[in-house]
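The following note sets out a few points for a colleague looking at this entry. Please read it alongside the sequence and the coordinates.

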Amino acid sequence: MAIAVDKLLEAGVQCGLIDNRQLKELRLLARKTQQPLLLLVQAHYRFPLSVLYHAVAEQAGLLFVDLSVCQVNEASLKKIPPSLVRRKQVLPVVFENSDYLAVADPFDRVAIDSVMRLTGGSVPLVLVDPVALNLKIRQLQSDPVGDDAANVDAEQPDLIAILDAILREAYFSRASDIHLITEKNGIRVRFRVDGRLRDHPVEADGETAAALISRIKVLSELDISEQRMPQDGGFSYHLAPPVDKTFNIRVATAPIRLGERVTLRLLGQEISRLSLKDLGMLADDLEHFKQAIEKPYGLILLTGPTGSGKSTTLSAALEEINHPDINIMTVENPIEYVIPGASQVQTGPKVTFASALRSFLRHDPDVLMVGEIRDFETADVAVKAAMTGHMVFSTLHTNNAVSAITRLIDIGCESFLIGSTITAVIAQRLVRRLCSHCRQPYQASETEAVMLGQQEQRPEIYQASGCARCQGSGFSGRLGLFETLWFDDTLARAVMRGADEEALEKQAGSRLRFMWEDGARKVLQGLTTLDELNNVAVFKTRDMLEDTP
C-alpha cells in the first residue's frame, strides 16, 4: 500500500522540499477548491510524486531505487501468496547482487513481518515508486483473478486521462522530451530529464498503446491510417488547474518493429525564461558576449549538436537587446520561445529560411535571427545581411568554434566575406549541474589535477551523491559549457587570407577559450563533475596548442 499523504508531506517538510507556512496555505486552498492536497503541492513546487518518496526514504534511512534496474527474486516470490503481494504491494528483488524487499510503504510492519516469516529470513527494505511497483506486480500476475477478471473487457481505457497524466508528470519532472515506444506488453514511456532518459511507469496493453498513439496523431493533425512512414506535426496542450499551464508540443512518429514510436518535444514550459546570466557563462565570456550582441552589425554564430541549448542562448541574447526602438525579426523551425515585440516566422512548405530572410530585408530590420544555416542560399543571405548593417544571429552544426569558418567556406561562402562579417562564434554543450545540497567533496587524483590544469596541486572537487531534492541522481538542472571565439581585426584578416583551423586557433590567442578550459573551471567551482565534462568535451588547452610545432 502507498504511504499516507500526511507522512509524505511531513517528510517533504523535514527535507526542506516544502515550506511549512506554504503547506498550511495549500491545505486551506485544497479545502476551498476541493482539489487533492498532494496535487496542489506538486503543482506549486513542480516536482513529481517520487520526490516525496525519496524524502521518506531519506528520513527513514532507506535506499530508494529504480525498480527497472532490479530483478525479481523468483525463489522468494514463490513463498509469498499472490494476494499478499498484490494487497500489500511488496516484492522480493535483487539489487546490485543483494537481496531486498521492495515496498511502497515501509511503515506497514505487519505486512513486512509476514513476508519475512514466509521467506524464512530477514532482508533489508528498499523503497520504490508505488506506481512502478503496482505495475510490476500486475505484470507478474498477468491473469486477472476474481472480480477483476469480469471487469477486464468491460473497462475501456480513458485515453484522455492517460495522456493528461503522462504530460502532467512530464511537466512536474521538468522533462524536455517524452518517448512513447510500442512494445510486446504495451507501451514504454520514457522522459528525458537533464539530458538523460528515465522510464515512467504507465499501465497500457497493446490495444491501449495503439489507441494512445492514434489520439496523439489526431491532436497533431497527422494521418492515423499511415503507420509505415514517419510523420511530423504538433499541437498545443493545456494542463487543467491546479497546474493551469499551456505549452506547445512538437510530435514526430516513426514505424518500428512492433508498431510505432512517438517522440514529443515539450516547448515553452518554463515559467520564466533564462537571462544571459543564467546560461552559465564565465564572467569574462559573458562580458565579451554582451559587447558582441550590442554591436550594430555583424554575424554571431552558435554551434553544437541538436539539444545543446543553442536556441535558449539565442533567445536569451535577443531578450537582452530587445528594446522598443529595435526591430527584431526571426525565422525558426519551430518557434520555441516567444519574444515580446519581435516578428517571428516559422518555416513551412512555402517559407524557407532563405526566402524569409530575403523578405525580412524589405521590412527595415535591425536584428535578424535565422534558426539554422543549412545551405549556401541561407548562408549567402545571412552573410550579406550582416555586411549591409544588420546584426544577424544563427546556428550551425559543427563540433567546435573554429570549424564554423570551415563549414561556411564548404557551403560556398567567400572567405573575405566571412572574415569581414563574423563577430563571434560560440560552440556549446550541456552538462548536468551538481545538486548543491548533496554534492560530496574529494581530493582530485594526480591525473585529474593534470586534466584540470592544476599540476602543482591536487584541488578539491566534487562528485554526485543523491538526495530527495535531486531525486537521488546527484544532479539538478543543466549547465552550459562554451567554447568562445571573439573576432578582432587580426583574426578577420587571417580568415580572409584562407588560414586553416590550426592556424586560426594559434592566431586567436586569448580570443579563443577551448570548451575543455571552460568546463575545467566549472569543475573546480563545484558546478559539475569531471565525468560530465569528459562526456561532452575533448581534452584540449592553450598549453597544448603552444607546444605544437
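**Cysteines and the open sheet**

1. In this predicted model, the cysteine sulfur closest to that of Cys435 belongs to Cys438, at 3.7 Å, which is too far for a bond. A disulfide would require the two sulfur atoms to lie within 2.5 Å. By this rule, the count of disulfides comes to zero.

2. Cys435 has a relative accessibility of 2% and therefore counts as buried. Cys413, at 9% relative accessibility, also counts as buried, because the term applies to values under 20%.

3. Turning to the sheet, six strands form an open arrangement in the order E8-E7-E6-E11-E10-E9, with antiparallel pairing. Strand E8 (196–200) and strand E9 (231–239) stand at the edges; each has a single partner strand, so one side of each is left without a neighbour in the sheet. From one strand to the next, the twist averages 25°.

4. The pairing of E9 with strand E10 (residues 245–256) is antiparallel and comprises nine bridges. His238 has Thr246 in E10 as its bridge partner.

5. Helix H10 (residues 159–172) lies across strand E6 (177–183), strand E7 (186–193), E8, E9, E10 and strand E11 (259–267), and it runs at about 85° to E9. Helix H11 (residues 206–219) packs on the sheet as well, where it touches E6, E7, E9, E10 and E11. The direction of H11 makes about 50° with that of E11.

Terms used:
Residues numbered from 1 in each chain as written. Predicted model: local features only at pLDDT ≥ 70, side-chain atom pairs only at ≥ 80, totals over all residues. Heavy atoms only, no water. Pairing = 2+ DSSP bridges. Helix = DSSP H or I, 4+ residues; strand = E, 2+ residues; numbered from the N terminus. Axes fitted to C-alpha atoms, helices over the stretch in contact; angles between N-to-C directions. Contact = heavy atoms within 4.5 Å. Buried < 20%, exposed > 50% of the residue type's maximum accessible area, 1.4 Å probe, protein only.
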